Amino acid sequence: MPTAARGLGAVGMAATAAVAASVATGHLDAGTDHPGFVWVCAAMGLALGWRSIGSAAGKGWGSAVRAGLRAAMYLAVLAIAYLGGVAMLMRAVRLRYHGPFEALTDVFGQCFDIGRQLYQLDLIG
């Protein structure tokens, strides 16, 4: 059921995700970023804010902080997985893989490389 808490949680998380994605694109290697990455992260933030943050309304500050941190971690994992999947698809179009299993296992390698690029102290702090 739509409530004001879910709506504000969704809008707030979408705005936070869009700002974080626009800052994070500066730390990615050339060719890694995706032109619609900010909008995809905003959509992920909208969904996570609605489901995770909005459902914690009325349960106290501790529950709200836990829900916000959990949603932020989910967003980070989903954004890195999205970029890893896009990188894998770009390589698959160029026929860099010998089979589908190699392409699927390379998603994890791509996610690890992108996560390493984004693990910067000025981005985290």
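## Nonpolar cores

A nonpolar core is a set of buried Ala, Val, Leu, Ile, Met, Phe, Trp, Tyr and Cys residues joined through side-chain atoms within 4.5 Å; buried means under 20% relative accessible area, exposed over 50%, and partly exposed in between (1.4 Å probe, protein chains only). The model is predicted: local features need pLDDT of at least 70 and side-chain atom pairs count only at pLDDT 80 or more, while totals for chains, interfaces and linings use all residues. Residues are numbered from 1 along each chain as its sequence is written, and side-chain values use heavy atoms, with hydrogens and water left out.

The largest nonpolar core has 15 residues, and Leu28, Phe37, Cys41, Leu75, Leu83, Ile114 and Leu118 have the most contacts inside it. At least two residues of this core come from each of α1 (4-24), α2 (37-53), α3 (61-93) and α4. Another core, of 5 residues, lies apart from it and includes Met88, Ala103, Val107 and Cys111.

## Overall architecture

The protein has 5 helices and 0 strands; helices (H or I, at least four residues) and strands (E, at least two) are DSSP runs, numbered from the N terminus. Its C-alpha trace spans about 50 × 35 × 25 Å along the principal axes.

Of the 125 residues, 32% count as buried. Among contacts (heavy atoms within 4.5 Å) with a separation of 6 or more, 72% are between residues 24 or more positions apart.

## Packing of α2 and α3

The axes of α2 and α3 come within 10 Å and cross at roughly 145°. Axes are lines fitted to C-alpha atoms, for helices over the stretch in contact, and angles run from 0 to 180 degrees between N-to-C directions.

Residues of α2 in this contact include Phe37, Cys41, Met44 and Leu48, and those of α3 include Ala71, Leu75, Leu78 and Leu83. The contact residues divide into 14 nonpolar, 3 polar and 1 charged. Here Ala, Val, Leu, Ile, Met, Phe, Trp, Tyr, Cys and Pro count as nonpolar, Asp, Glu, Lys and Arg as charged, and the others, Gly among them, as polar.

Glutamine 117 lies in helix α4 (residues 100-118) and counts as buried because its relative accessibility is 8%. Leaving aside neighbours within four places in sequence, glutamine 117 is in contact with His27, Leu28, Asp29 and Thr32.

Proline 35 lies in the loop between α1 and α2 and is exposed, with a relative accessible area of 78%. Proline 35 and leucine 89 are 54 residues apart in sequence and 15 Å apart in space, C-alpha to C-alpha.
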